[in-house]
Amino acid sequence: MDMLLNEEHLMVRESIRRFAEEEIKPLAQELDAKEEFSVELTKKMGEMGLFGMTIDPAYGGHGMDTLSYVVAMEEVSRIDGSQAATITAHNSIGIGPIYLFGTEEQKQKYLPKMCTGEMLWGFGLTEPNAGSDSRATETVAKKTNEGWEINGSKIFITNVANELSGGLTVQAKTGTNEDGSPELTCFIVEAGTPGLTVKPMHGKLMWRASDTAEVYLDSVKVTDDAMIGKQGDGSKQMLTALDYGRLGIAAMGLGHAQGAYELALAYAQERKQFGKPLSKHQAIAFKLADMATEIDLARTYLYNVAKLRDSGAKYSKQAAMAKLYCTEMAGRVTDAAIQIHGGYGLMREYDVERLWRDQRILQIGEGTSEVQRIVISRNIGC
Amino acid sequence: MFKTLLAMALLIFSFAPLALPMAEAHAMNVKCNDPQTERGKVRTMRETKRYQRGELVERTKTGNVENPGRMIISPEKVDRDESYEPKPIKEGSNLHECVN
């Protein structure tokens, strides 16, 4: 595995592992229990350099490659899903549309603060009636003399309802294409814009310490300068950002699996039943062997896809495959880890319980497993 | 008897050169598993990039009393500080080895 990593990747792993152990782990259980988004911890993650990792230094980023980002996400997720969610949502789908498709003025205005974590950004795609079918967007933007007026709502949006939120990118319908399909366009909507309301969502199974919100846009007025790229390019922009996002989510699955596996192995070595450690019982030993094997396979593939992205090659299919496999693998591994822990694994006092909850969204968020299979099947000629 | 002792002595001395590299390897293990900057905080991504560009150098075996063996990164540029030598980064060495 480490053959794929250079010295910089290894340095990133060491630093982020230690940061996660020292700064995130002590708070993770409490923040999860309270459903509390920590501004202070988010700022520390910003100081650490976890935001804007792959962004050009000219815009305040760190100029690292995709594999560094994947390794960092893996390490944070090994400890906690909520903080990893804040990071990956901001880095990939938050920053992505502006970085990849924004004008030079938009990049200069927003990216430097995004890269320090002073400003978090949301990805306004999902709607109450437009989930996997993201082109069914009901939010509408109408042209006015001054610019555009947006009406609609979004749901399950990360990073828009905390004091660091700078705004979000909104996909809205701006017309109808010749073939009858909706013309979709992306707009920058800054926090505090009149008509923009965000409502935090509570009662989540997972990512309880991350910021998730409903967004309402009531006659929100933006200027022409707020449009990202060309009119009608919105869906393409969002899907491109999601390709990158999927690598982050895949890394989260890998990290959760790694964390749960380590906890299960340590527990199995310590816990004695029938006169010997659990790890000496073949049923448990084989389970752990399967977990280790799946994790290693997932890691090898994900790292290769990260390198593929940096090569400039098209990687939609591979990103979907990585997301599909890593997240479903995380489901299997964290579930096995709970099984090894027995009754203790069902208690909130044990970190493995949180990792099991946190991984569940990964098979749903940023494209369900079913959507990944659609992407893959289309790419193989089905 | 003398020949046996001579043979044993030759055998011991023939392995002597390995002792230093092994000691260094151990020091690297300690160092790279414990990344910390002079600020007393974990090395940031920006510092990592600066290190890779050669703008930061790691000060090994500095005799940091509180944390012996910890990786120390100095904020000074290499050409402005002669108190320690910049460590060349080579593929297959240093952190590579210690992790593998």
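I began with A:L205. Leaving out residues up to four places away in sequence, A:L205 touches A:R357 and A:R360. I note at once that this is a predicted model.

**Entry 1. The loop at A:L205**

Where does A:L205 sit? I found A:L205 in the loop between β6 (196–200) and β7 (212–223) of chain A. A:R354 is 149 residues away from A:L205 in sequence, yet their C-alpha atoms are separated by 9.4 Å. Is A:L205 buried or exposed? I counted 9 C-beta neighbours inside 10 Å. A:L205 counts as exposed because the cut-off for that class is 12 or fewer.

**Entry 2. Domains of chain A**

I then stepped back to the whole chain. Chain A is divided into domain 1 (2–116), domain 2 (120–231) and domain 3 (236–379). I looked up the pair formed by domain 1 and domain 3. Their C-alpha centres lie 19 Å apart. On the domain 1 side, 26 residues are in contact with 26 residues of domain 3. Which elements supply the domain 1 side? Those giving two or more residues are α1 (7–34), α3 (66–79), α4 (81–94) and α5 (96–101) of chain A. α3(A) gives the most, with 10 residues. I also sorted this side of domain 1 by class. It has 13 nonpolar, eight polar and five charged residues.

**Entry 3. α3 against α8**

I looked at how it packs with helix α8 (residues 282–310) of chain A. The angle between them is about 145°, and their axes are 8 Å apart. Which residues meet here? From α3(A) I listed A:T66, A:L67 and A:V70. From α8(A) I listed A:L302, A:Y303, A:A306, A:K307, A:R309 and A:D310. By class, this contact has five nonpolar, one polar and three charged residues.

**Entry 4. The largest nonpolar core**

A:L302 came up again when I turned to the core. The largest nonpolar core has 121 residues. Which of them touch the most other members? They are A:F187, A:A264 and A:L302. Helix α7 (residues 234–270) of chain A provides the largest share of this core, 17 residues. As background, nonpolar side chains tend to be buried together in soluble globular proteins.

I followed A:F187 further. I set aside its neighbours within four places in sequence. A:F187 is then in contact with A:A141, A:W148, A:I150, A:V170, A:A172, A:V222, A:A226, A:M227 and A:I228.

**Entry 5. Strand pairing**

What is the bridge partner of A:A141 in β3(A)? It is A:I150. β2(A) and β3(A) form a hairpin, with three residues between them.

β3(A) also pairs with β7(A). Nine bridges join these antiparallel strands. One of the pairs I looked up puts A:G152 with its partner A:L217 in β7(A). β7(A) also runs antiparallel to β6(A), and five bridges join the two. There, A:T197 stands opposite A:Y216 in β7(A).

**Entry 6. Positive phi**

As a rule, most residues other than glycine have a negative phi. I looked up two residues with a positive value.

The first entry is A:N159, with phi near 70°. A:N159 is found in the loop between β3 and β4 (165–176) of chain A. Is A:N159 buried or exposed? With 28 other C-beta atoms within 10 Å, A:N159 is buried.

The next entry is A:S219, with a positive phi of about 50°. A:S219 is found in strand β7 of chain A. I counted 10 other C-beta atoms within 10 Å, so A:S219 is exposed.

**Entry 7. Chain B**

How many helices and strands does chain B have? I noted three helices and two strands. From the N terminus on, the elements run α-α-β-β-α. Chain B has 100 residues, and 21% of them count as buried. Then I took the contacts in chain B with a separation of 6 or more. Residues 24 or more positions apart account for 59% of those contacts.

Key. Residues are numbered from 1 along each chain as its sequence is written. Chains are lettered from A and ligands numbered from 1 in the order in which they are written. This is a predicted model: local features need pLDDT of at least 70, side-chain atom pairs count only at pLDDT 80 or more; totals for chains, interfaces and linings use all residues. Domain bounds come from an automatic or database domain assignment. Two residues are in contact if their C-beta atoms, placed from the backbone, lie within 7 Å. Helices (H or I, at least four residues) and strands (E, at least two) are DSSP runs, numbered from the N terminus. Ala, Val, Leu, Ile, Met, Phe, Trp, Tyr, Cys and Pro count as nonpolar, Asp, Glu, Lys and Arg as charged, and the others, Gly among them, as polar. A nonpolar core is a set of buried Ala, Val, Leu, Ile, Met, Phe, Trp, Tyr and Cys residues joined through C-beta atoms within 7 Å. A residue is buried if 20 or more other C-beta atoms lie within 10 Å of its own, exposed if 12 or fewer, and partly exposed in between; C-beta atoms are placed from the backbone. Two strands pair if DSSP finds at least two bridges between them. Axes are lines fitted to C-alpha atoms, for helices over the stretch in contact, and angles run from 0 to 180 degrees between N-to-C directions.
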